[in-house]
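The following paragraphs lead the reader through one protein model, moving from a single strand to its surroundings and then to the whole chain. Please keep the sequence and the structure in view while reading.

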Amino acid sequence: EGAPAAYVPTDVFLINCGATSDTNDASGRTWTTEYETLMPSNLDNLSFAASPSYQDVEVSQVPFTEARIFQSEFTYKFQVSPGWKFLRLYFYRTRYGSDFSSNSFFFSVTVDGLTLLKNFNADLTTVRTYEPESKYFIKEFIVTAYKTLRLTFTPSTDSLAFVNGVEIVSIPDGFYTKGGFDDKIKNVGSNIDFELDDEITLETVYRLNVGGHMVSVVNDTGMFRQWFSDDDFLLSENSGIIPVVASVKLNYTEKTPAYIAPDDVYKTYLTMGNVNNPTLNLNFNFPVDAGFNYLVRLHFCETLPEVNEPGQRVFTIFIRNQIAKLEMDVIDMSGGSRMPVYLDFSVYVGSESGLRPYLRLDLHPYTEIAPRYYDAILNGVEILKLINDDGIAGPNPKLVMSGGESHVTGQKRVITITLIAVGSVTGLVSILVLLILLVRRQIKRKKNRQSNSVAMFKVLLKHYTYAEVKKITKSFSHTIGKGGFGTVYDEVTTEENEIAKKMILVSLWCIQPCPMDRPPMNRVVEMLEGSLDSLEIPPKPSMHISRGFVTDQSSSLPLFSHGEEEAGGNTETFESINI
């Protein structure tokens with residue numbers, strides 16, 4: 001049973017695509033069939049309904065039990081009231097019938113002409129708000145509509161498109177565009193506030209109930225949002241504690257009405273846990289797509305009885321190692337204890353650190369005024385991506401099928417991509433060693449090959465330290481090319497030189513320490529087949545993972561530690577080896 005709704009949406013559409021009868025989902029919401037006014041008159045020529053050939057237990061629920069598969073461009077037309085809407089698209093990646101598999105479907109999705117997804121493939125998409133093994137996911141967008149919302153699915157050349165469910169829910173006017181409780185969107189790194197117009201479109205990337213459990217759609221405030229736990233995003237398992245305060249009654253205000261976030265979000269939170277240690281932090285890491293502006297919404301509420309006056313708990317908020325708010329005093333800002341408040345920030349994430357950099361969030365005690373508690377607090381986080389002017393929500397997979405290939409051929413190609421990607425990751429050590437052997441072979445070409453073969457075989461059975469590589473290459477002399485991770489020597493042909501560079505760059509992308517930073521399967525093939533000039537240099541690998549606060553080159557943020565230094569205090573530094 002859900003909590004009483006603080007907000008009643010004007011429009012609610014729950015469409016179970018491909019179904020023949022109305023059905024309730026696990027939460028008790030009723031999903032309807034695709035009634036005639038939604039679809040084109042020539043429905044049978046453009047699409048067909050299909051059921052999964054196998055239904056996983058975890059997705060044996062509405063709307064994942066049926067699907068509509070599109071053969072040609074297909075448009076749903078929803079008659080709606082003017083205003084902002086949540087648009088949620090439901091996908092279950094599996095085989096439908098005996099002839100159709102979602103891994104061979106590539107397609108685009110537009111809303112009133114704005115492209116949300118391009119050459120999209122559900123099986124090549126990683127959605128990080130669900131467990132990695134989940135085969136179902138939801139893409140959530142915030143769009144504006146007037147009288148008719150046109151949702152169009154367009155298959156790519158010689159491909160198909162599909163969707164399992166479509167949900168449209170009205171939201172309050174300016175819900176994500178007007179700013180936080182103070183009606184401002186702070187532009188991180190600038191003194192000028194950020195402004196969003198009514199034509200912007202956003203995509204939800206993360207929505208977390210910090211310190212609490214998942215909040216289901218029926219326990220939201222009426223907009224059917226799902227709030228996930230923060231378990232996968234805390235930088236350290238011991239970086240925060242969850243205070244327990246019984247019988248909390250929240251006091252909402254005109255600036256922070258009750259529909260902003262569920263009670264569970266404002267009643268649960270993380271603190272640093274050691275109020276006497278000003279060197280601790282709350283740290284979160286969120287992998288995001290590079291090249292976009294992001295709206296970061298932070299939720300706060302003080303419920304501890306001992307924190308009831310301004311100046312008792314004050315902290316600084318850092319976003320991407322830049323000061324977003326220097327002095328954050330929840331009691332002073334909200335007006336009192338148990339009064340929720342929320343702030344909005346805008347931050348641009350460039351590609352300097354790769355295609356999937358981290359949007360890092362840190363909270364650190366502000367010690368200049370000597371507060372009673374050296375501590376920080378956070379209740380909830382929402383991160384939304386601002387869709388670019390060109391209408392692309394992110395780096396979607398590139399279409400791998402040519403104009404003359406059939407669907408079966410496309411499916412085989414996807415399988416081939418999978419094998420290539422797996423081989424690229426698992427064979428990284430072999431690739432790197434082969435590159436070293438290539439250099440050694442060229443330098444020592446005139447020496448006795450028979451004696452060298454034994455040495456090469458031994459090389460294949462061990463790892464090299466930086467000092468050993470330096471000794472082998474004679475301090476990296478006679479270089480002909482420089483990059484970020486190795487040295488190429490004389491007597492290597494131009495073609496061999498390019499191949500070697502490409503292999504090392506692609507391999508290093510494939511074994512980034514965080515799996516979320518690794519390129520998707522189709523991108524690996526694209527990088528291998530493309531030109532060397534188009535490849536970006538991956539982030540420099542680290543031989544030591546510090547628990548301290550790591551700053552960017554452009555950051556003026558001081559280095560904060562998480563407490564005691566590690567024994568010995570020695571860390572190994574990896575020097576750059578130029579390609």
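In which sense do S10 and S13 pair, and over how many bridges? In this predicted model, the two strands are antiparallel and are joined by five bridges. Within this pairing, Val111 stands opposite Leu151 of S13. S10 also pairs with strand S11 (residues 114-120), again in the antiparallel sense, through four bridges. Here Thr110 has Thr115 of S11 as its bridge partner. S10 and S11 together form a hairpin with two residues between them, and Asp112 in that turn has a positive phi of about 50 degrees.

The side chains of S10 may be considered next. Phe107, Val109 and Val111 point one way from the strand, while Ser108 and Thr110 point the other way. Residues on both sides are buried, and S10 is accordingly described as mostly covered, with five of its five residues buried.

The ring centres of Phe107 and Phe153 are 6.4 Å apart and their planes stand at 45 degrees; because an angle between 30 and 60 degrees is neither stacked nor edge-to-face, the pair counts as tilted. Phe107 belongs to strand S10 (residues 107-111) and Phe153 to strand S13 (residues 148-155), so this pair ties together parts that are 46 residues apart in sequence. Both Phe107 and Phe153 are buried. The rings of Phe175 and Tyr176 give another geometry: their centres are 4.7 Å apart and their planes are at 80 degrees, so the pair is edge-to-face.

Are Phe175 and Tyr176 buried or exposed? Phe175 has a relative accessibility of 4% and therefore counts as buried; Tyr176, at 2%, counts as buried as well. Thr177 lies in the loop between S15 and S16. With a relative accessibility of 9%, Thr177 is also classed as buried. Neighbours within four places in sequence aside, Thr177 is in contact with Trp84, Ile185, Leu196, Asp197, Asp198 and Ile200.

Leu87 has Ile168 of S15 as its bridge partner.

An open sheet of three strands has the order S4-S5-S14, with antiparallel pairing. Why does one side of S4 and of S14 lack a neighbour in the sheet? Strand S4 (47-50) and strand S14 (161-163) stand at the edges, and each has a single partner strand, so one side of each remains without a neighbour in the sheet. Neighbouring strands of this sheet are turned by 25 degrees against each other on average, direction ignored. S4 is joined to strand S5 (residues 67-70) by four bridges, and Phe48 has Ile69 of S5 as its bridge partner.

The nonpolar cores come next. In the largest nonpolar core, which has 71 residues, Phe286, Phe300, Ile317, Ile319, Leu359, Leu361 and Leu363 touch the most other members. Apart from neighbours within four places in sequence, Ile319 is in contact with Val188, Val296, Ala324, Phe345, Val347, Leu359, Arg360 and Leu361. A second, separate core of 49 residues includes Tyr76, Tyr90, Tyr96 and Phe105.

At 1.5 Å a residue, the 17 residues of H8 (residues 494-510) should span 24 Å, and the end C-alpha atoms are 25 Å apart, which agrees. Buried residues of H8 include Asn497, Ala500, Ile504, Leu508 and Trp509.

Finally, the protein as a whole has nine helices and 28 strands. Of its 579 residues, 52% count as buried. Among contacts between residues at least 6 apart in sequence, 77% join residues at least 24 apart.

Key. Residues are numbered from 1 along each chain as its sequence is written. This is a predicted model: local features need pLDDT of at least 70, side-chain atom pairs count only at pLDDT 80 or more; totals for chains, interfaces and linings use all residues. Side-chain values use heavy atoms; hydrogens and water are left out. The expected span of a helix is 1.5 Å times one less than its number of residues. Buried means under 20% relative accessible area, exposed over 50%, partly exposed in between (1.4 Å probe, protein chains only). Two strands pair if DSSP finds at least two bridges between them. Axes are lines fitted to C-alpha atoms, for helices over the stretch in contact, and angles run from 0 to 180 degrees between N-to-C directions. A nonpolar core is a set of buried Ala, Val, Leu, Ile, Met, Phe, Trp, Tyr and Cys residues joined through side-chain atoms within 4.5 Å. Contact means heavy atoms within 4.5 Å. Rings of Phe, Tyr and Trp (its six-membered ring) pair if their centres lie within 6.5 Å; planes under 30 degrees apart count as stacked, over 60 as edge-to-face and the rest as tilted.
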